[in-house]
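My notes follow in the order I looked things up.

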Amino acid sequence: MIEVRAVELRLVSLPLRRPFRTSFGEEATKEAILVRVETADGAGFGECAASPVPRYSEEFNASAWLVLRDHLAPALLAAGPVELEGLGELLGWIRGHRMAKAALEMAVLDAGLRARDVSLAAFLGAERDRVACGVSVGIAPSTEVLLEQVAGFVEAGYRRVKLKIEPSWDVGPVTAVREAFLDTPISVDANAAYRLSDLPLFEALDALDLVYVEQPLGHEDLLEHAALARRIATPVCLDESIRSPADARAAIELGACQVVNVKAGRVGGLLEARRVHDVALEHGVPVWCGGMLETGVGRAANLALAALPGFTMPGDTSASDRYFAEDLTEPFVLEADGTMAVPPGPGLGVEHVRSRLEACTVSTLRVAR
């Protein structure tokens, strides 16, 4: 049991090493809400995966801040002692707001597991102490710049390169990368930018021996994804479409995907992410851990999750220096073999750098009984 006495919300802003562009926009800074919970035994941190604007999902930082402040934190504070596994049920009356819930759950798990001296990876059921890492490459200003960026990531040792695509930036640049890096596993991510009528495009991508094409169609179009999957050779991976274990089961059984991207924030927390993993494992479908440009707080949680047995593909668990000149924690480093260590310490297994955290803080709010 754990009893939370206070919740602190902190909005932070970190400059990215280079702007990150996808089919739905560009980010030059990482703005995130960190959640800190205080208990009689200590404290724990969580990170919200939302962005400043509701592009990726309905959630965005301002909405997450409000629901944390006015609903989630008060409900947790009023509940008294709760089981770590029971937080989802406690907050289930609040519909949606998965990223906000996931941030609060992460903080509670971090605090509770630190008090027990148990790592998050061990609590979730991890079977590895290192995970294979891939990298996500945004839409570049030119094919030449893209090739230069990919070359750097391949040289660094990343085991999979994922290229963001959008209409007019797809077959051409992806072909150029494939021809330059014949032995590198490559995938593409459309972030729902295409329609089923774009079938000829995906048939052209079939010739490039891709690991998978991620979220090619709209996030609510499971039937259209199933139709696409039947007509192309490249496996279809779903991201935005999977917001629960039930979504995962439906997508897999409909034939809408052959690979699942698991993001704890998107599905409502680490415990729900484990359940999505379990559904995919039951069906023999590989999963991998997606990223949302997380700071070291969220990255630590992703590494623990990615160490579960069903995560058989390299995820977007890139090193800290992929995105930040300085992270909020000690940097996560990619080894030459393309793997990264799972934090072995209690809870998330990382500590923030206080001076860095203060320097990046935009605003704070404390919610207490």
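**Core.** I started with the largest nonpolar core, which has 127 residues. A nonpolar core here is a set of buried Ala, Val, Leu, Ile, Met, Phe, Trp, Tyr and Cys residues joined through side-chain atoms within 4.5 Å. Buried means under 20% relative accessible area, exposed over 50%, and partly exposed in between, with a 1.4 Å probe and protein chains only. Val 35, Leu 120 and Leu 163 have the most contacts inside this core. Its largest share, 10 residues, comes from helix 3 (residues 98-116).

**Ground rules.** I noted that this is a predicted model, where local features need pLDDT of at least 70, side-chain atom pairs count only at pLDDT 80 or more, and totals for chains, interfaces and linings use all residues. Residues are numbered from 1 along each chain as its sequence is written, and side-chain values use heavy atoms, with hydrogens and water left out. Helices (H or I, at least four residues) and strands (E, at least two) are DSSP runs, numbered from the N terminus.

**Leu 163.** I looked up what Leu 163 touches, with contact meaning heavy atoms within 4.5 Å. Leaving aside neighbours within four places in sequence, its contacts include Val 137, Leu 146, Val 150, Ile 186 and Asp 189. On strand 6, Leu 163 points the same way as Val 161, while Lys 162 and Lys 164 point the other way, and all are buried.

Next I traced an open sheet of 7 strands, in the order 5-6-7-8-9-10-11, with parallel pairing. Strand 5 (135-137) and strand 11 (287-289) stand at the edges with a single partner strand each, so one side of each is left without a neighbour in the sheet. Two strands pair if DSSP finds at least two bridges between them. I then went through some of the pairs:

- Strand 5 and strand 6 pair over 3 bridges, and Val 135 stands opposite Val 161.
- Strand 8 (residues 213-214) and strand 9 pair over 2 bridges, with Val 236 as the bridge partner of Val 213.
- Strand 9 and strand 10 also pair over 2 bridges, and Cys 237 stands opposite Val 259.

Strand 10 (residues 259-262) is covered on both faces: Val 259 and Asn 261 are buried on one side, Val 260 and Val 262 on the other.

**Ser 136.** Beyond its neighbours within four places in sequence, Ser 136 is in contact with Phe 20, Arg 160, Lys 162, Lys 164, Asp 316, Arg 322 and Tyr 323.

**Helix 8.** In helix 8 (residues 222-231) I found Leu 222, His 225, Ala 226, Ala 227, Leu 228 and Ala 229 buried. The buried residues of this helix pack against helix 7 (199-205), strand 9 (236-238) and helix 9 (245-254).

**Cys 48.** Cys 48 lies in the loop between strand 3 (42-47) and helix 1 (61-79). Cys 48 is buried, with a relative accessible area of 0%. Not counting residues up to four places away in sequence, Cys 48 touches Ala 32, Ile 33, Ala 64, Met 99, Ala 100 and Ala 103. Cys 48 and Trp 65 are 17 residues apart in sequence and 9.4 Å apart in space, C-alpha to C-alpha.

**Cavities.** How many cavities of 30 Å³ or more are there in the whole structure? The search finds 3. A cavity is a set of points on a 1 Å grid over the protein atoms alone where a 1.4 Å probe fits but cannot get out, and lining residues have an atom within 4 Å of a point.

The largest cavity holds about 290 Å³ of space. It is lined by 24 residues, and Phe 20, Thr 22, Phe 24, Glu 27 and Met 292 lie nearest its centre. Strand 2 gives the largest share of that lining, 4 residues.

The second largest cavity has a volume of about 120 Å³. Of its 15 lining residues, Ala 49, Met 106, Gly 265, Glu 294 and Asn 302 are the closest to its centre. Helix 3, helix 10 (264-267) and helix 12 (296-306) each give two or more residues to this lining. A volume is the space filled by probe spheres set on the grid points, which are joined across faces, edges and corners.

Note on methods
1 Å grid on protein atoms, 1.4 Å probe; cavity = no way out; pocket = protein on both sides within 12 Å on 5 of 7 lines; lining within 4 Å.
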